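Hi,

Here is the structure I promised to hand over. Please open it first, then read the notes below.

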Amino acid sequence: MVIRSGFRSMAALTATAAIGLCCLAPTPVSSASTPLPGPPTGEHVRPRRDAPALPSDVSALSYVVADARTGKVLAARDAHRKLPPASTLKTLFAVTALPHLRAEDRHTVSDQDLAGIGPGSSLVGIEPGHTYQVSDLWRGVFLSSGNDAVHVLAALNGGWEETATQMQAKARRLGALDTEVVSPDGYDSPGQVSSAFDLAVFARAGLARPDFAEYCSTASAQFPGEGGSYGIVNTNRLLSGTDGIARYPGIIGVKNGYTSHAGNTLIAAAKQGERTLLVTVMNPQAGGGFTVYEEARTLLDWGFKAWDSVDAVGTLEPARPAKPARRQAQITHVVAAKPASGADDESAWPVTGSVAGGLAVVGTFLVVMRRRTVRRRVERRAR
């Protein structure tokens with residue numbers, strides 16, 4: 001009986017120690033991408049002596065030039081300015097939904113899948129009752145900026161509202177704090193905003209996925225329709241080289257957009273040699289509808305020239321969680337010998353030392369009780 005009681009006491013002490021350890025475990029620290037230094041408006045660049053000057057003819061309200069591999073921001077203007085993103089928000093949609101949908105799966109589109117498409121939306125031409133492969137739907141998103149394709153894929157991803165919720169959560173996990181998601185396709189909606197910084201973060205995350213990189217770099221494709229397929233061309237003119245806009249050397253993608261509220265927006269990525277640049281341009285104030293491509297071209301040219309002659313003004317990398325302070329505790333109901341090192345302050349014991357000391361006391365107690373029990377049994381037999 002004594003031994004069993006002793007084991008119960010040890011179990012209770014061990015449980016108490018475990019609870020203490022759990023309560024002292026550090027809580028996760030949320031991360032956020034490092035904001036660019038300086039005032040909330042204006043251009044940021046840290047040139048060295050031989051650096052080329054930033055282009056003076058860029059009229060965009062906001063832009064970012066960044067190293068796609070390291071996340072180093074080479075230059076920026078009002079990088080965290082919250083603006084309507086238009087269809088460039090489809091990059092966040094793709095980063096969020098691609099992992100949940102298998103490219104080879106097929107889906108027969110219903111009228112409900114296409115419900116709620118905003119008037120004036122860009123469309124790839126999806127028809128209710130027709131069966132599409134998921135990979136075709138993604139090409140409809142990236143090439144034709146099809147809001148109809150986004151609606152169908154969102155339906156497969158759990159629904160419109162659920163997808164918006166997932167996108168918002170994904171943005172925060174990536175450290176994109178300027179983005180508020182209302183409509184997953186980027187359609188103008190009250191309160192929906194992003195920033196040049198956040199869009200660069202989304203594109204960088206997407207380019208790390210081979211499927212995203214393949215879709216966003218496709219210049220033209222065949223899209224299935226009734227009675228056969230028809231050709232679609234990427235509306236990113238820097239990639240497709242259409243409408244008098246020359247294709248940019250080494251262009252990868254990523255996504256363009258336009259609404260009457262957002263103006264023209266563009267995320268462009270290009271690779272030259274071992275270097276890959278990301279440029280986001282939001283709402284140029286000069287020129288016509290194609291100015292966004294020429295301003296992106298100008299910033300890409302500058303970025304490749306200035307690569308080795310400017311210091312970073314920020315980073316697209318999420319900030320690392322702060323290291324938790326080393327916390328100490330003691331189990332108050334255990335009396336244990338002080339450490340052999342001669343330390344006098346019992347409160348300086350770490351948790352592991354307190355638990356080990358407590359268990360040592362319990363173990364000693366059990367050994368003593370066991371010896372007494374054995375001694376009593378021997379004495380009874382001797383009688």
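Start with phenylalanine 93: it is buried, with a relative accessible area of 0%. Buried means under 20% relative accessible area, exposed means over 50%, and partly exposed is in between (1.4 Å probe, protein chains only). Tryptophan 138 counts as buried too, at 1% relative accessibility.

Before you go further, note that this is a predicted model: local features need pLDDT of at least 70, side-chain atom pairs count only at pLDDT 80 or more, and totals for chains, interfaces and linings use all residues. Residues are numbered from 1 along each chain as its sequence is written, and side-chain values use heavy atoms, with hydrogens and water left out.

**Aromatic pairs**

Rings of Phe, Tyr and Trp (its six-membered ring) pair if their centres lie within 6.5 Å; planes under 30 degrees apart are stacked, over 60 edge-to-face, and the rest tilted. The count comes to nine aromatic pairs by this rule. In one of them, the rings of phenylalanine 93 and tryptophan 138 have centres 5.4 Å apart and planes at 40°, so the pair is tilted. Where do the two residues sit in the fold? Phenylalanine 93 is in helix α2 (residues 90-97) and tryptophan 138 is in helix α3 (residues 134-142), so the pair ties together parts that are 45 residues apart in sequence. Helices (H or I, at least four residues) and strands (E, at least two) are DSSP runs, numbered from the N terminus.

Phenylalanine 290 and tyrosine 293 also form a tilted pair, at 6.3 Å centre to centre and 55° between the planes. Tyrosine 293 is buried, because its value is 3%.

Ring pairs also build a cluster: they link Phe93, Trp138, Phe142, Phe212 and Tyr215.

**The chain as a whole**

The protein chain has 10 helices and 12 strands. It has 383 residues, and buried residues make up 48% of them. A contact means heavy atoms within 4.5 Å. Take the contacts between residues at least 6 apart in sequence: 65% of these join residues at least 24 apart. The accessible surface of the chain comes to about 19,200 Å², and 54% of that belongs to carbon and sulfur atoms. Such areas come from the Shrake-Rupley method with a 1.4 Å probe; for residues, only the protein chains shown count as cover.

**Helix α4**

Helix α4 (147-156) is mostly covered. Eight of its 10 residues are buried. Among them are His151, Val152 and Leu153. The buried residues of α4 pack against α2, β4 (106-108), α3 and α5 (160-173). Just after α4, glycine 158 takes a positive phi of about 115°.

**Backbone and loop details**

Serine 145 lies in the loop between α3 and α4. Its phi is near 50°, a positive value in a residue other than glycine. Serine 145 counts as buried, because its relative accessibility is 6%.

Asparagine 283 lies in strand β10 (residues 275-284). Its phi is positive, about 55°, although it is not a glycine. Asparagine 283 is buried, with a relative accessible area of 17%.

The peptide bond from glycine 253 to valine 254 is cis, with omega near 25°. Valine 254 is in strand β8.

Serine 309 is in the loop between α9 (291-306) and β11 (310-311). At 6% relative accessibility, serine 309 is buried. What does serine 309 touch, not counting residues up to four places away in sequence? The list is Pro47, Arg48, Asp50, Ala51 and Pro52.

**The largest pocket**

On a 1 Å grid over the protein atoms alone, a pocket is an open set of points where a 1.4 Å probe fits, with protein on both sides within 12 Å along at least five of seven lines; lining residues have an atom within 4 Å of a point. The largest pocket has a volume of about 370 Å³. Its lining has 25 residues, and Ser87, Ser122, Gly257, Tyr258 and Thr259 lie nearest its centre. Strand β8 (residues 251-259) gives the most to this lining, with five residues.

Best wishes

Note on methods:
Points joined across faces, edges and corners; volume = space filled by probe spheres on them.
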